[in-house]
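Subject: Structure handover

Hello,

The structure is pasted below, followed by notes on what was found in it. Please read the two together.

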Amino acid sequence: MVLKIAERFTTKNKKQTTLVGCLFFYLNLLTTIFVDVIIHISANDTTEDDIVVENIVLTEAVYYILLSLFEHMHGYGIMQNVEKLSSGRVRLAAGTLYGAINTLLEKHWIEALPEEKNSRKKEYMITSDGKEAVNYEIKRLRELLENGEKIVGGV
Amino acid sequence: MRFTVHKIYWAWNFEEEEKWLNEMSAKGLNLVGVGFGKFVFEEGTPGEYHFHIEWLKHFPSHPETVSYIHFLEETGVEHVGSFKMWAYFRKKTSDGVFDLFSDIDSRIIHYKRIRNLLLCLFPLEILAFWINATSSSIANFGCSSFLGILIILITIGMIKIMVKIKHLKKERILHE
């Protein structure tokens, strides 16, 4: 009697696990195909740790973007200006520039100017924090250059 | 004339997909539409466009993405279409070199987005595989063997992406 019940229980259980397994499979397939939810979870880019402002080393791209924005300029203008400033050496790709602009906006080193009605292009301008970073960078670059010249000899 | 090609590329092989699209464009076949494993081409001048693919940060309909695509369009890039998180861009070769990323950091961020998706999918697949593998019916066996293959593929994909990230990080020690 007990055995019979146990047997029935296990077969019933087996059916259940089969069902659960299949269900899970379909659910899983669904999520694989409609990955939207997962995408949403994974969409957050991992940001690097906050860097101490006094010890900051600007990337070439950021340095030239900040220099360009001493005059107000829109995205494409920055790309052209940076290429002109460096006589064609530094070419900013649009995706990289977009990321850099957003990071600089978050850091309040640049700000977006209020949009004019007839123009769809957003313009940006450097802030006092941004100017401070540029000044620090110029000091740092000068030190690098002087040390290099001292040891290697002026070119 | 338009025609459709059905082809599947895994997320971690998007660079091969880009290469294929550019080879097609060199033959004068320009991508004009995308879908699930579906590419619509149109005949045009050979080598007129250069193509790039990006895994977006937000959904194509998200305002952030709209403003990103608008930003790209200002620089002469055309948005061909998007499927899920993949966006397909092209730029006239006569308008100069076309790249989406010009430094190591933004390339790493892009790879990390793809890696994060795979990392999220992975435990789900494992769980489903385990549940199917522990029960014994033909349907479950079918499911679990299919999932097993999928898990192996995802693992290979993750390793590929992580190796790429590692290489870029090594590069970054020396230069920007």
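In which hand does H3(B) pass H4(B)? The crossing is left-handed, a term used when the near helix is turned anticlockwise from the far one by less than a right angle, with right-handed for clockwise.

First, the conventions. Residues are numbered from 1 along each chain as its sequence is written, with chains lettered from A and ligands numbered from 1 in the order in which they are written. This is a predicted model, where local features need pLDDT of at least 70 and side-chain atom pairs count only at pLDDT 80 or more, while totals for chains, interfaces and linings use all residues. Helices (H or I, at least four residues) and strands (E, at least two) are DSSP runs, numbered from the N terminus.

Chain B, helices
In chain B, helix H3 (residues 104-134) and helix H4 (residues 138-174) have axes that come within 8 Å and cross at roughly 155°. Axes are lines fitted to C-alpha atoms, for helices over the stretch in contact, and angles run from 0 to 180 degrees between N-to-C directions. H3(B) and H4(B) are therefore roughly antiparallel (over 145 degrees; under 35 is roughly parallel, 65 to 115 roughly perpendicular, the rest oblique). Their contact has 21 nonpolar, five polar and eight charged residues. Nonpolar covers Ala, Val, Leu, Ile, Met, Phe, Trp, Tyr, Cys and Pro, charged covers Asp, Glu, Lys and Arg, and the others, Gly among them, are polar.

Chain B, domains
Chain B is divided into domain 1 (2-95) and domain 2 (104-174), with bounds from an automatic or database domain assignment. The C-alpha centres of these domains of chain B lie 24 Å apart. Six residues of domain 1 are in contact with seven of domain 2 (C-beta atoms, placed from the backbone, within 7 Å). On the domain 1 side, four of the touching residues are nonpolar, none polar and two charged.

Chain B, sheet
An open sheet of three strands in chain B has the order S1-S3-S2, paired antiparallel; strands pair if DSSP finds at least two bridges between them. S1 (2-6) and S2 (29-35) of chain B are at the edges with a single partner strand each, so one side of each lacks a neighbour in the sheet. Five bridges join S1(B) to S3 (residues 38-43) of chain B, and Val5(B) has Phe39(B) as its bridge partner in S3(B).

Chain A
The axes of H3 (residues 60-68) and H5 (residues 94-106) of chain A come within 11 Å and cross at roughly 70°; H3(A) and H5(A) are therefore roughly perpendicular. The crossing of H3(A) and H5(A) is right-handed.

Regards

How values were computed: Contact = placed C-beta atoms within 7 Å.
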